[in-house]
Amino acid sequence: MERELACEIVKDLLPLYVDEMVSDVSKKSIENHLEHCVECNEIYQNMAFHLEMETQPTEVQDVKRFLKKTKKMYLLYGLGCLSFIAILVCMIVDLAMNKGVTWSLITGSSCLFADILIYVLSTCKKNKGCITMAVISIGTLSLLSVIQITRYCLMGSGTVWIFRYGLPILLLWLLVLWLPVLTRTILKWNIWDCIALFMLLVIVGNYATKLITGDYVWNDVLHMQGFAGNALGEVIGIILFGIIGRIKKWKK
Ligand SMILES: [Zn+2]
């Protein structure tokens with residue numbers, strides 16, 4: 001009779017005991033009871049197990065999330081500092097060479113571009129590929145504009161070709177860059193084949209760029225040699241990466 005009553009009391013107190021919210025005296029008597037009573041002990045084990053399952057993972061997750069957040073924060077602060085140092089060094093070099101603020105502007109904007117890209121990559125969760133593509137497109141166009149305007153206005157050299165040719169060339173090279181990425185993600189090509197495809201597209205890209213800007217003079221031997229030399233390097237690369245791709249496939 002006494003034991004039955006004690007069981008009832010222990011069962012009522014177990015939730016508090018698991019949460020460590022009972023007095024030391026109660027704690028001791030509950031522990032004493034659990035040692036002898038199989039039934040209550042089973043209930044206690046069950047409760048403790050569920051509590052562990054419920055609380056520990058979220059706690060660990062919280063800690064992990066916090067660490068990830070701080071890591072990300074330090075990365076961004078570090079990038080900001082590095083960019084600032086790069087801009088400062090370029091400004092000092094510019095001033096020392098009496099050139100005014102030229103390369104510091106270019107370096108500054110390219111650093112800003114890189115920082116934004118990494119920030120976007122580290123913070124966005126959905127549509128990473130599309131957002132990255134957008135940042136690269138807009139960033140590259142602004143970067144090219146800054147370089148062009150700086151050269152034209154401050155250094156008195158170059159033309160404003162960015163406004164005439166910049167956009168088609170940018171789209172062309174984005175295609176060269178993203179086609180291999182898309183074949184990898186959608187068609188599941190192996191990485192070596194994708195690099196080979198990229199190099200093939202670089203040849204096409206080089207040729208098309210010259211066509212867009214119209215500065216390809218096929219009669220000019222130097223131009224011809226330059227294009228052929230570039231293309232030869234790419235062709236060797238295509239063969240090399242193609243072979244590596246075949247070997248990797250064959251090994252599998
Ligand atoms: Zn009991």
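Predicted model: local features only at pLDDT ≥ 70, side-chain atom pairs only at ≥ 80, totals over all residues.

## Loop residues with positive phi

The phi of Glu20 is positive, near 60°, although the residue is not a glycine. Most residues other than glycine have a negative phi.

Lys188 also has a positive phi, of about 60°, and is likewise not a glycine. The loop that holds Lys188 runs between helix H6 (161–186) and H7. Lys188 counts as exposed, with 7 C-beta neighbours inside 10 Å.

## Packing of H7 against H8

Two packed helices are described by the angle between their axes and the distance between the axes. For H7 and helix H8 (residues 221–251), the angle is about 165° and the axes are 7 Å apart. The two helices are therefore roughly antiparallel to each other, since angles over 145 degrees are classed in this way. The crossing of H7 and H8 is left-handed.

On the H7 side, the residues making the contact include Trp192, Ile195, Met199, Leu200 and Ile203. H8 contributes, among others, Phe227, Ala231, Glu234, Phe241 and Lys248. By class, the residues of the contact of H7 with H8 comprise 12 nonpolar, five polar and three charged.

Ile203 belongs to helix H7 (residues 191–213). Is this residue buried, exposed or partly exposed? Ile203 has 19 C-beta neighbours inside 10 Å and so counts as partly exposed, because the buried class requires 20 or more.

Leaving aside residues up to four places away in sequence, Ile203 touches Ala231 and Glu234. The C-alpha atom of Ile203 is separated by 9.7 Å from that of Gly233, 30 residues apart along the chain.

## Nonpolar core and overall architecture

The largest nonpolar core has eight residues, namely Val176, Cys194, Ile195, Ala196, Phe198, Met199, Leu201 and Phe241. H7 gives the most to this core, supplying six residues.

The protein contains eight helices and zero strands, in the order α-α-α-α-α-α-α-α along the sequence. Of its 252 residues, 7% count as buried. Among contacts in the protein with a separation of 6 or more, 55% join residues 24 or more positions apart.

Technical notes
Residues numbered from 1 in each chain as written. Helix = DSSP H or I, 4+ residues; strand = E, 2+ residues; numbered from the N terminus. Buried ≥ 20, exposed ≤ 12 C-beta atoms within 10 Å, placed from the backbone. Contact = placed C-beta atoms within 7 Å. Axes fitted to C-alpha atoms, helices over the stretch in contact; angles between N-to-C directions. Parallel < 35°, antiparallel > 145°, perpendicular 65-115°, else oblique. Left-handed = near helix turned anticlockwise from the far one by under 90°. Nonpolar A, V, L, I, M, F, W, Y, C, P; charged D, E, K, R; others polar. Core = buried A, V, L, I, M, F, W, Y, C linked by C-beta atoms within 7 Å.
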